[in-house]
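This report describes a single protein model for a reader who is new to structural description. Please keep the sequence and the structure in view while reading.

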Amino acid sequence: MKHFKILSLLLFTMVAFWSCEKDNYPGAKISPFIAIYDLKTLYKGNDVKLTTGNMFGSDYITGVVVSDHSGGNMPEGLIAVQDRRRLNQLRGIAIPLGDEAKNFLPGDSIVVNVNGATLSRVNGIMQLLDVPLTSIQKVSSGNEIPVNRITTADIISNPDKYESTLGVIVKGGFDPLPAPTDVLSGDKLLNDGFGDITLHTNANASFADSAMPVSANFYGIVFNKMIGDSLAPVFNMRSGDDYVTLSSTIEITPIIITGFISDVKGGDGNYEYIQMMATQDIDFSKTPFSVVVTNNANASTPTGYPANGWATGDKRTYKINMSSGFAAKGTFFYVGGTGKSINGSGSTSIASSNWIRSYDYVNNDGDDFGRKTGGLFANSGNASGLAVFRGTEITVDTKPVDVIFISSGGSLYTAGPPEKGYKITNTDWYDVRNPITLENQPYYKSGANTLCMTYTTKDVGYFYVLGGEYNVKLGKWVKARTQSNVELTKESTLIEIEGEGATILKQ
C-alpha cells in the first residue's frame, strides 16, 4: 500500500507538470507585431518569403519613418523605418515604394502588413519587397525621433546593425581639409576621431553645392553597398538642415598629453612623470607653459569642491612651470620628479630623454601653488587629473590646452550655485559645449564630460599609454586616444612607452 501511494503521488505530479508545460501563460496571445530586429534575423543570405509561420505568429511591423526625400539625397524610391521593439535595440529596414516614397515624412508612425512580402538584400540594402501601398497604414505624423549618437567605428564594425537608422556623427570633419570652394557634392571621407566613413551627397541634392564645414555634427541615415562579399556603409544626410556647423576655424593644440606613470614600483616620491608631445617647435624660454596635477584622494585638502579649480593648491593641485628647454615638433618630452627613472628607484635611467622640467616635488612646494608631496597623483581610486596650460599664470578661470582625468571619485564638480570644478578644453574626450545640445559644459563631470581613464592596480608600475593620432593640419584627433596599460619592470626601456601603441603625430 505504501508503494502504491508513492506511485500515485508520482503520477499525479507528472500529470500536473505536463499540464503546466502545455500552457505556461493561460490566455496569452502572440503579438501581431514582429520587431525589425527579429525580422532581419530571418535573412541568412537568400531571399525569404515572409509568412505568419516564419514570423513566429506575427504579420506586421510598426515603426517610425526616418527618411526624407525632400532634399533629393535618399536612395530613389525607398523609405527607411526604424523601431526599438526588441530589447530596446534600434534597428531599421528599407521599403521600396517608388514615387510614393516622397509622401512619407520623418516622424510618420506606420504599421505595415509584411505577410507575403519578401525579405531581400538589394544593392547592399536590406529591403522588404512586394509591399503594396494598401498594406501600409499611417497612424500619426510629427512624432519626435530621439537623437542616436553613433561613431564611425560603431558603424564600420557593425554596418547591418545601423543600416536604415537615423543617427548623428558628432564633431565630424574631412581629410584633407576642404578648400573654401569645396562643396558637399559627391563622396567625401568623413572623420570623427574614431574612423572614416563615406559621406554621400547626390549631385542633384538641394544642398550639394553647400560649402564643406571644418567641423560639424552630421545627421543622416546609414545605408550599405556591397564590396565583394562585405557590406560597406555609406552615410546619407537628408537635407541641408542635417548638418550643424560647430567651427569654421582650426585650433591646433601645441602640447598633447600622451602618457604618464602615477604609481611606480616602490616609493613614488620624485619618480612620477608625465610624457607629452609637441605638435610644433617650442622654445619654452620664449613660450612658457605649465602643467598641473590634481589629487582628489580623501586626505587631500582643502576638501569639498575645488573653489579655485586648477589653482586650488594645498594638497589638491600642484603646479610645475615649463619655462626653459626646447621640444621639436612631433617629439616626446617629459616633466616630473628628479628620479628620471622609468619605473622607480633602481630602474632603467631615462635621464637622456628630453626632460623639460625635473622637479623635486618631495621637498619643494609647487610653482605658485601646491604643497610638497610624496606623490602627485591619487592612488586611492579617487580621481587624478592632468592639465597643460599656455603660460604660467593660472587662475580659477584659466582654460587648459589639453586635459585628461583618471577615475571619477571625489568632490570634482558642482553645478552650484556657484558652479565649481576643473575647467576642460575641447579635446578628443571633452567638449566645452555639448556638441548636440550646444549647452555650455566647461568643467569635467559637467554635462557629457564624464570620460575618464581607468585606475590600475597600486604599486605595480603601470605606465598609462594614451595612444591616438593627432592631425596637425586639421587641428584634431583623427584617432581618439585610448588607454593601454604597460606593466613596466625595473629593466624596461624607453621603447616600451614611446614605441608601438604610442601617440602618432600626422603632419
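## Overall architecture

Among contacts in the protein between residues at least 6 apart in sequence, 68% join residues at least 24 apart; contact here means heavy atoms within 4.5 Å. The model is predicted, so local features need pLDDT of at least 70 and side-chain atom pairs count only at pLDDT 80 or more, while totals for chains, interfaces and linings use all residues. Residues are numbered from 1 along each chain as its sequence is written, and side-chain values use heavy atoms, with hydrogens and water left out.

The protein contains 5 helices and 28 strands. These elements are DSSP runs numbered from the N terminus, with helices (H or I) of at least four residues and strands (E) of at least two. Along its principal axes, the C-alpha trace spans about 90 × 80 × 50 Å.

## Surface and charge

Of the 507 residues, 51% count as buried. Buried means under 20% relative accessible area, exposed means over 50%, and partly exposed lies in between (1.4 Å probe, protein chains only). The protein exposes about 23,000 Å², and carbon and sulfur atoms supply 51% of this area. Accessible areas come from the Shrake-Rupley method with a 1.4 Å probe; for residues, only the protein chains shown count as cover.

There are 43 positive and 50 negative side chains, and the centres of the two sets lie 5 Å apart. Lys and Arg count as positive and Asp and Glu as negative, whereas His and the chain ends are not counted. The place of each charge is taken as NZ of Lys, CZ of Arg, CG of Asp or CD of Glu.

## A nonpolar patch

Leu177, Ile250 and Ile252 make a nonpolar surface patch of about 210 Å². Patches are made of residues with over 30% relative accessible area and no salt bridge; like charges are joined within 9 Å, and nonpolar side chains (Val, Leu, Ile, Met, Phe, Trp, Tyr) within 5 Å. Ile252 belongs to the loop between strand S15 (243–247) and strand S16 (255–261). With a relative accessible area of 37%, Ile252 is partly exposed.

## The surroundings of Asp263

Asp263 is located in the loop between S16 and strand S17 (273–278). Its relative accessibility is 7%, so Asp263 counts as buried. Leaving aside neighbours within four places in sequence, the residues in contact with Asp263 include Asp268, Asn379, Tyr455 and Lys458. Asp263 and Gly375 are 112 residues apart in sequence, and their C-alpha atoms are 8.3 Å apart in space.

## Salt bridges

A salt bridge is a side-chain nitrogen of Lys or Arg within 4 Å of a carboxyl oxygen of Asp or Glu. By this rule, the count comes to 14 salt bridges. In one of them, the side chains of Asp160 and Lys40 meet at 3.6 Å, N to O. Asp160 lies in helix H4 (residues 159–162) and Lys40 in helix H2 (residues 36–41), so the pair ties together parts that are 120 residues apart in sequence. Asp160 is partly exposed at 27% relative accessibility, and Lys40 is buried at 7%.

Another salt bridge joins Asp428 and Arg481 (2.8 Å, N to O). This pair links distant parts of the chain, 53 residues apart: Asp428 is in the loop between strand S25 (402–406) and strand S26 (462–471), and Arg481 is in strand S27 (residues 476–487). Asp428 and Arg481 are both buried. Elsewhere, salt bridges that share partners join Lys40, Arg121, Asp160 and Glu163 into one network.

## Backbone geometry

Most residues other than glycine have a negative phi, and most peptide bonds are trans. Which peptide bond has omega near 10°? The bond from Asp175 to Pro176 has this value and is cis; Pro176 is in the loop between strand S10 (166–174) and strand S11 (186–191). The bond from Thr301 to Pro302 is also cis, with omega near 0°, and Pro302 lies in the loop between strand S19 (289–295) and strand S20 (317–322).

Asn88 is a residue other than glycine with a positive phi, near 60°. Asn88 is found in the loop between strand S3 (78–86) and strand S4 (89–96) and counts as exposed at 53% relative accessibility. Lys340, which is not a glycine, has a positive phi of about 50°. At 24% relative accessibility, Lys340 counts as partly exposed.
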